[in-house]
Structure formats: C-alpha cells, structure tokens
Amino acid sequence: MKVKSDSLSFSTGGFNDMKDLTGDVSQKLSDQGLKNGIVTLFVLGSTGGLTTIEYESGLVKDFSEFMEKVIPSSVSYHHDARWGDGNGFSHVRASLVGPSLTVPFSNGTLNLGTWQQIVFVDFDNRSRSRTILLQFLGE
Amino acid sequence: MKVKSDSLSFSTGGFNDMKDLTGDVSQKLSDQGLKNGIVTLFVLGSTGGLTTIEYESGLVKDFSEFMEKVIPSSVSYHHDARWGDGNGFSHVRASLVGPSLTVPFSNGTLNLGTWQQIVFVDFDNRSRSRTILLQFLGE
Amino acid sequence: MKVKSDSLSFSTGGFNDMKDLTGDVSQKLSDQGLKNGIVTLFVLGSTGGLTTIEYESGLVKDFSEFMEKVIPSSVSYHHDARWGDGNGFSHVRASLVGPSLTVPFSNGTLNLGTWQQIVFVDFDNRSRSRTILLQFLGE
C-alpha cells in the first residue's frame, strides 16, 4: 500500500459558494494510478467545509438558505467583536460541516452514488484562493 | 497493510429511519481478518448520512425531531420546484450529517464507547434499498 | 505503510467545553515517527464531537451559543424521559457534529491552515474523563 499526496487549488466567491470537485478528484486518482483504497480530502483553513450533495442549482440554493437560516450572517458574533473581520458566521458554519471527507475508491474509480458529487463550500465573507489536500492511501 | 472492500445492503423506510450497523460492521471486520486499522463507511447516494449515537428509541426520536425542526419537510425547497421529487429536505439533511464515517479498530475489535453505535440515517421521503461501502485499511 | 495506535486522555467540564488538541496530536505524530499519511481521531463515547476551528475565545463562545440555540438544553428530550440522565441535548449535538475526524500529514507535520486547530467538544452535562483514539496510517 502507498501514500500519495496531491492537492486542488481554485478561487471561490465566499458566501456559501459551492464547488463541485468530483471531476478533479477523479482525475487526480487516475494520475496517481491507485486502484483500491481511500482518499481523504481536507480543507486548509477554518472557513470552508466538505460534504457531498446532488449538485444542481436548486440544492445549491437550498443548502445556502439553510445555512443562512440557522447561522445568520446578519447577527453579531463574539468573534467579530474581538477580531473585526466580520466572518464569525463563516467559522461556525465551517466547524459544523467539517473540514474533512473520506471517500473510498475501487478499480480506479471513486465510489459515489449516481447523483452524488463531492463539494467544497466556501463560507467566508469574501473571495478566496483555496487549497484542498488530497491524501490517497491504497494500492 | 491491506485494503479490503466490503459492503452492507438493507432496506429502509425513509423519513429519518435510523439503522444500527454496529453488529454488521463488526461481523465484516471479523470476516476480513484484519486486526489493526480503520474502516471508512460511505453512503452511496445523496439522501442518507452516517454518524454514531446511543441507539435507543428515545434518542432515535430526538434526532428525528431535531432534523424536522431545523430542516422541515413541510416547506418548499428549490430542489422540489426544479425536480418534483419532493425530497429537498432529505438532501439538505444528508449534506449536513455527511456521507462518510471512519472508525478505528484494534485487536480485531471496533473501537467504540460502551453506549455508542454506528448508525445510518435514511433522510429520503420513501422506502429505499441502501448500500453502504466498507473500506478496511489495516493489517 | 504502518498502523500506529495512540490516544489522548484528559478531563473536560461538559456544556460545550472545547479543548484544543492540536499540540498533543502533533506531539504524538512526532513520537510515532511517521512522515506521510493520515490520522483518524475518534471519540470513545456518544456525547462528544471532533471538528476544527480557529480556537479563540470569541468563536468558542459563538459555537457554544449556536449549539444552545439549535439544540437547547432547556427543553425536554425523549432520551431524558426514558433514562433520566438529562443529557438528551448532549447526544443530539454529538451525533450532529460527529465522532470522527481525519487529518492528513506530510513531512512529519499535520496539514492544517494557519488559524485552524483540531478541537474536541464535550457536549455532556457534567465533567468527564475523556479518551480520544488516534489511529495513524502512513510511512
């Protein structure tokens, strides 16, 4: 078994901007040449999260509206009072969704449902350059 | 170290139907014969989630009522407007809880607390046949 | 590739008490002598969770207030009616956040953002002694 380290870099718009990473992660898996194992995706940073979703514009909006409802951007957070960057809501959303996602692969293919995509959600309150680490373990 | 791929299949009732998978995952670990490592469970599909809970009927109900409160099934979602399958709430719940769970094992036994069970929650709005992948990495 | 099992033990105060584990996990990684791979952290127990956050007192309070808002400790849970330990809210919070976190490491260093710390949150309604398992896989 081997460890292969890779990463994806891209820019995001913040405010629940959701990026479908499925194609890029599949490509990296092909590049690494592993057949069976797992890949751990990890967000470097504390205002983004990883999960899976059926990536279509309706659900992208539904997920964003859910976040705005339960962790509103319009109220004041202790983080903002201390640090003044106004993104307390971004941090709470990110900690809730989590920075890590582990996906199995078999025969060189990511194991995902037909309508299931791997997504990164940028919860920050501004545009960002983002790096997602991909740690492949397999053979 | 080895990779061993396995899976569990079962039917579910939807509407937050929660299944205790602990016994089945333990059995698969025994079948695979690994002693130390991790197992990644992964839901194929975008309307189910994996977590742990003290699996007793009170908490099963509490978890379901929490989901209904924060992501109600009774309101309208953009997903439903576009696709008409009426399960927008199921998708948002699934993305929140997450499709993946990684559990360590030692000496051939899953490392879990005394009152902690591995559960799958079916958030869909109908009965389903479900498959959970189990990717074991260990020795 | 090797599997190395380790753990962290500490006491917590309950009621969303949040502990920064980053330094201790880094130290354990050094002790184990692995360079590249992943570490899976896992809570033994069903009233605690693991995630990452920018660990500063404002966000610690924000995260706690969010939990109290969406899963209040002041209302009655079916779990409490059955078992009388009064910590139904603790269990629901723990199942939502999740018991497991997987973090990659490279060149002997945990891969984390500059302002990103690994934290354990104790959701229980009393002080506890806690054990977090660390399963390292790497080379």
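**Buried helices and a chain contact**

Visitor: Which residues of H2(A) are buried?
Guide: A residue counts as buried if 20 or more other C-beta atoms, placed from the backbone, lie within 10 Å of its own, as exposed if 12 or fewer do, and as partly exposed in between. Helices (H or I, at least four residues) and strands (E, at least two) are DSSP runs numbered from the N terminus. In H2(A), the buried residues are A:Leu59, A:Val60, A:Asp62, A:Phe63, A:Phe66 and A:Met67.

Visitor: How are the chains and residues labelled, and what limits apply to the model?
Guide: Residues are numbered from 1 along each chain as its sequence is written, while chains are lettered from A and ligands numbered from 1 in the order in which they are written. The model is predicted: totals for chains, interfaces and linings use all residues, side-chain atom pairs count only at pLDDT 80 or more, and local features need pLDDT of at least 70.

Visitor: Which residues are exposed on the other side of H2(A)?
Guide: The buried set of H2(A) includes A:Leu59 and A:Phe63. Exposed on the other side are A:Ser57 and A:Lys69.

Visitor: Which elements of chain B do the buried residues of H2(A) pack against?
Guide: Contact requires C-beta atoms, placed from the backbone, within 7 Å. Within chain A, the partners are strand E2 (17-20), E4 and H4. From chain B, they are H3 and H4.

Visitor: Why is helix H4 of chain B largely enclosed, and how many of its residues are buried?
Guide: Its cover includes strand E4 (48-53) and helix H2 (57-70) of chain A, together with E4, H2, helix H3 (78-83) and strand E7 (117-122) of chain B. Helix H4 (residues 88-97) of chain B is largely enclosed by the rest of the structure because the buried residues number ten of the ten.

Visitor: Which residue follows H4(B) with a positive phi?
Guide: The phi of this residue is near 100°. The residue is B:Gly98.

Visitor: Which element gives the largest share of the side of chain C that touches chain B?
Guide: The contact takes 27 residues from chain C and 30 residues from chain B. Elements giving two or more residues to the chain C side include strand E1 (2-12), helix H3 (78-83) and strand E8 (128-138). The largest share, five residues, comes from H3(C).

Methods:
Contact = placed C-beta atoms within 7 Å.
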